[in-house]
Amino acid sequence: MDRRDFLHLLQAGGALAALAPVSRALAQLNGNASIISGFPAGGMGDHVARPLAEKLRGKYATSVMVEAKTGAGGRIAVEYVKRAAPDGLTILQIPSSPMTLYPNTYKKLNYDPLADFVPVTTTVNYAFVLTAGPGLPAEVKTVADYLKWAKAHPPQASYGVPAAGSALHFVGMMLQKASGTELTAVAYRGGAPLLNDVLGGQVPVSVNVLGEVMPHIRAGKLRGLAVSSVQRSSFLPEVPTFVEQGFPDIVVQEWLGWFLPARAPAETVQRLNVLVREGLAAPEFVEALAKVGLQPVHQSADEFARIVRADKQRWAPIVKAANFTAED
């Protein structure tokens with residue numbers, strides 16, 4: 001994050017501070033709240049959930065803890081929160097894919113993103129990076145270079161993704177379709193083993209969350225070939241976008257969002273929304289998020305609901321074009 005972006009967020013924080021009297025005027029919930037994450041402790045979600053839990057403690061509820069309910073690509077956590085009491089004490093933190101992509105890839109889900117939940121707000125967003133490791137020749141520095149190499153080496157033309165059917169997987173499928181190049185996806189069980197293999201040269205390229213590969217790209221151990229955001233990331237400004245390199249439709253940026261179970265009281269939704277907004281504006285939190293490639297983003301509950309609906313609709317034709325169906 002450059003100085004201008006950082007100062008802009010600090011200025012936003014000053015404006016958000018004016019909301020503090022509103023949040024304090026709302027009564028604290030009696031009881032202990034849990035932020036339910038769909039992914040293991042120590043990952044990206046912890047960089048968001050744990051600092052926010054500290055900021056919510058004693059303001060939103062008596063205590064606020066973070067609990068992981070892992071498995072099934074986040075669906076176990078989603079289903080757990082769906083069954084929870086709508087008292088505001090059980091909060092779902094989940095990336096966008098389980099709420100916007102999965103409804104298009106799975107023939108049957110045990111939840112409806114909008115009927116079974118109340119969107120509260122996004123907390124951060126993040127881009128993906130097509131990343132080359134030592135398994136790819138050093139002269140491969142662009143997407144065009146990679147595609148040329150892949151066509152010349154069909155048996156080795158693979159790319160790693162942290163999970164089959166994830167948004168990162170679809171970046172690879174979209175590149176394959178747009179370029180007419182035969183590429184083979186290699187699905188891993190999470191970003192950590194994928195990162196180990198691309199660093200070790202076992203897989204030539206991968207599609208990773210930006211924050212996971214950012215320190216390795218900066219250290220020269222990996223090469224960023226393209227970022228999936230609309231514009232270049234301020235965290236890796238030297239890496240061009242897919243759009244810049246002739247692939248205007250490869251624009252994929254995920255968010256991490258908070259939801260409450262359906263029928264949660266409107267005043268509870270508003271209280272949580274305001275407190276999260278205040279937390280995201282804290283300068284030390286903004287700085288900490290920047291170190292892991294995360295950009296704080298907040299919306300009203302209504303705005304977030306529109307985003308969920310629009311993102312779900314955007315994925316529908318992409319999934320259809322890929323002819324992809326997820327399997328349990």
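Which helix holds both Asp46 and Arg50, and how many residues apart are they? Both sit in helix α3 (residues 44-56), 4 residues apart, or about one turn of the helix. Helices here are DSSP runs of H or I with at least four residues, strands are E runs of at least two, and both are numbered from the N terminus.

A quick word on the ground rules. This is a predicted model, where local features need pLDDT of at least 70 and side-chain atom pairs count only at pLDDT 80 or more, while totals for chains, interfaces and linings use all residues. Residues are numbered from 1 along each chain as its sequence is written, and side-chain values use heavy atoms, with hydrogens and water left out.

Now the pairs. Side chains of opposite charge can pair when their charged atoms come close. A salt bridge here means a side-chain nitrogen of Lys or Arg within 4 Å of a carboxyl oxygen of Asp or Glu. That rule gives 6 salt bridges, including these:

| Salt bridge | N to O distance |
|---|---|
| Asp46 and Arg50 | 3.1 Å |
| Arg57 and Glu54 | 2.8 Å |
| Glu284 and Lys55 | 3.1 Å |

Glu284 lies in helix α11 (residues 283-290) and Lys55 in helix α3, so this pair ties together parts that are 229 residues apart in sequence.

How about solvent? Buried means under 20% relative accessible area, exposed over 50%, and partly exposed in between (1.4 Å probe, protein chains only). Glu54 is exposed at 52%, and Arg57 is partly exposed at 31%. Lys55 counts as partly exposed too, at 28%.
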